[in-house]
Amino acid sequence: MLSRYQGRGLGTLLFKLLVEYARGCGFKNFVGWISENNIGSIKNVERNGFVRTKESRIVHLAAFNRDDVFYKYLCKL
Ligand SMILES: CC(C)(COP(=O)(O)OP(=O)(O)OC[C@H]1O[C@@H](n2cnc3c(N)ncnc32)[C@H](O)[C@@H]1OP(=O)(O)O)[C@@H](O)C(=O)NCCC(=O)NCCS
């Protein structure tokens, strides 16, 4: 999201719509892998019923030349 639109609740709202759409399509689970450093996205998904699982993986982010730990988040629809 463009920086000038961040922090206004739009990310949380868009994710809510995405979860509702997935539920409407009949999906039972919604999974996302999120970097532990991505605080905004973590707040977005946790506010929409996602919980962090014990699964994680290390991903090399070439663009930033660093490794991040990504956690698997699960939402039971
Ligand atoms: C992550 C992102 C999609 C969240 O959307 P958003 O519209 O900003 O989120 P919301 O306004 O619904 O709120 C998210 C919460 O996270 C916080 N937050 C957002 N970005 C943050 C950051 N970089 N660091 C710390 N907190 C952050 C907001 O302050 C808000 O917290 P609060 O309500 O307790 O004050 C958006 O900020 C963004 O595009 N960020 C930059 C790119 C990025 O990180 N994309 C995700 C890569 S997969």
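I call a residue buried under 20% relative accessible area, exposed over 50% and partly exposed in between, with a 1.4 Å probe and protein chains only. I am working on a predicted model, where local features need pLDDT of at least 70, side-chain atom pairs count only at pLDDT 80 or more, and totals for chains, interfaces and linings use all residues. Residues are numbered from 1 along each chain as its sequence is written, and side-chain values use heavy atoms, with hydrogens and water left out.

**Entry: N48**

I looked up N48 and found it buried, at 13% relative accessible area. N48 sits in the loop between α2 and β2. Helices (H or I, at least four residues) and strands (E, at least two) are DSSP runs, numbered from the N terminus. I then listed contacts, meaning heavy atoms within 4.5 Å. Leaving out residues up to four places away in sequence, N48 touches T12, F15, K16, V19 and C75. A polar atom of the N48 side chain lies 3.2 Å from the backbone oxygen of T12. I count a polar contact as a pair of N or O atoms within 3.5 Å; within protein, one must be able to donate a hydrogen and the other to accept it, and residues adjacent in sequence count only if both atoms are side-chain atoms.

**Entry: rings**

I pair rings of Phe, Tyr and Trp (its six-membered ring) if their centres lie within 6.5 Å; planes under 30 degrees apart are stacked, over 60 edge-to-face and the rest tilted. I found 3 aromatic pairs in the structure. F15 and F50 have ring centres 5.6 Å apart and planes at 80°, so I log them as edge-to-face. F15 is in helix α1 (residues 10-24) and F50 in the loop between α2 (39-46) and β2 (51-61), so this pair ties together parts 35 residues apart in sequence. F50 is buried at 3%; F15 is partly exposed at 22%. Ring pairs join F15, F30 and F50 in a cluster.

I also checked charges over rings: NZ of Lys or CZ of Arg within 6 Å of the ring centre and within 35 degrees of the ring normal. R52 has its charged end over the ring of Y71, 3.8 Å from the centre. R57 lies over the face of W33, at 3.7 Å from the ring centre.

**Entry: ligand**

Which residues come nearest to the ligand? I noted M1, G7, G9, G11 and T12, out of 15 residues around the ligand, counting those with a heavy atom within 4 Å. A backbone N or O atom of M1 is 2.8 Å from a ligand oxygen atom. A polar side-chain atom of N44 lies 3.3 Å from an oxygen atom of the ligand.
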